[in-house]
Amino acid sequence: MKLTVQTNKSDQDKIVEGILKNDPQTIKFIYREHFGKISSMVNNFRYISLEPQDVFQEGLTRAVINIRNGTFKGDSSFSTYLYGICRNLCLKEYNRSKLLTTNEIGDIKEEIEDDYFDSIQLMLKLKDKLDDSCKKIINLRFGIGNDNSNITRFETIAAKLNISADNARQRFGRCFAKLKKLVVDNPMFNQLMD
Amino acid sequence: MNDKDIKLIEDYIDGGLQGEELLSFEKRLKTDKSLSKEYKQRIKYAELWIDAADYSKTKAGITEIFHKNEVSFFQANRYLIFSIAASLIILVGVYFLLVQDNNGNINGVGNQFADVQDSIREKEKTIVFQYDEPVKLAVMDSVGSKIQLLFPINGEAFSESEPITFKWKSDLNLNDTLFICKESDRKILLRLRINLADTNYTIKYPQFTQGKYLWYISDIAYYEKFSVINR
């Protein structure tokens, strides 16, 4: 599949560098340079109800995360990559309306593998079903907000919550069990986790 | 999966197992499918939870930048936007002023700003009231002097339905405008297109309400008065 959006090498290096540095100017630059073309592409899909702004923000979020975790190898230009992600989002939405042919679906799978982001969005939905105290203790245990570590020891959690370490462990255990049950009860999630 | 094994998994993740306990746990991970599955799930869910948090944070950051970008567009162009808005307000204000003036008629019956066809005036010597366009307010002839107002003068009184013939004297043969205003606020009620050589103009159905009025021709230096009374 040929995509017509181009970015020169110098721009691309700056974009990747800016994203890795969390530079807001880079995001603004990407918006200025690419939103128009992607907006036109989204508007050309007749049977989807997605807004160009939403598709662009979602696509850019995925591109940024993929650059950070090294999934984006730079084989294609950043423009093409971002355009492809956004187009893929539209095609998936289009597919949901049962209007896409099997061949087109195959084409999407080759272009960008995005089951990972489907899993993330499902996890966010399940997370929303947990109460705030559970979200808090799981966030603490999984090191959300920590700079270097993805784990927080129960003794540290206990000190933050002004409870005992055993109490912290028990609370986490109960909340994690709730999360597991939500996952097990969700057929879509099980499919993605296999 | 029992609570003891769950505690073991958490201790292992924390690096809290040592010596024989650690070796035993790692051996079980290789042989105990249930424990192995539980451990892998624990790791997988944690990764996904962390990635989901990172995703949310990243998207929120991008959305915020877009929002600021949109706000900064308005900030950067605020003078232009204010200028356009101010121009529109002025235009709307001028439009309403003109329309109000145009509708400021007597008895509330349409606009009496007459722009009478020459043929009608010559034949009937009578004004025919008709609605006009505001833009014509700007089209007024200016004659200056050498015009003498003859009638009505000095507050001559007319009844409400009585025709009024305005008379003047002039040596000029030019088109001009006869103005009629209310004395109290000097608001122009009528603009009548006349020819100075005609020397008079009759309004058959004046529709003036009771009150005092002024009349004059174009921008001559004086006016005359008449009044409308109920007889």
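This is a predicted model: local features need pLDDT of at least 70, side-chain atom pairs count only at pLDDT 80 or more; totals for chains, interfaces and linings use all residues.
Local features require pLDDT of at least 70 and side-chain atom pairs count only at pLDDT 80 or more, whereas totals for chains, interfaces and linings use all residues. Residues are numbered from 1 along each chain as its sequence is written, and chains are lettered from A and ligands numbered from 1 in the order in which they are written.

In chain A, helix α8 (residues 154-161) and helix α9 (residues 165-184) have axes that come within 8 Å and cross at roughly 100°. Helices here are DSSP runs of H or I with at least four residues, and strands are runs of E with at least two, numbered from the N terminus. α8(A) and α9(A) are therefore roughly perpendicular to each other, a term covering angles of 65 to 115 degrees. From α8(A), Phe154(A), Glu155(A), Ile157(A), Ala158(A) and Leu161(A) meet Ala165(A), Asn167(A), Ala168(A) and Arg169(A) of α9(A) (C-beta atoms, placed from the backbone, within 7 Å). By class, this contact comprises six nonpolar, one polar and two charged residues.

In chain B, the loop between β2 (147-151) and β3 (156-159) contains Pro152(B). The peptide bond leading from Phe151(B) to Pro152(B) is cis, with omega near -10°.

Arg186(B) lies in the loop between β5 (175-182) and β6 (188-195) of chain B. Its phi is near 60°, again positive in a residue other than glycine. Arg186(B) counts as exposed, with 10 C-beta neighbours inside 10 Å.

Methods. Axes are lines fitted to C-alpha atoms, for helices over the stretch in contact, and angles run from 0 to 180 degrees between N-to-C directions. Angles under 35 degrees count as roughly parallel, over 145 as roughly antiparallel, 65 to 115 as roughly perpendicular and the rest as oblique. Two residues are in contact if their C-beta atoms, placed from the backbone, lie within 7 Å. Ala, Val, Leu, Ile, Met, Phe, Trp, Tyr, Cys and Pro count as nonpolar, Asp, Glu, Lys and Arg as charged, and the others, Gly among them, as polar. A residue is buried if 20 or more other C-beta atoms lie within 10 Å of its own, exposed if 12 or fewer, and partly exposed in between; C-beta atoms are placed from the backbone.
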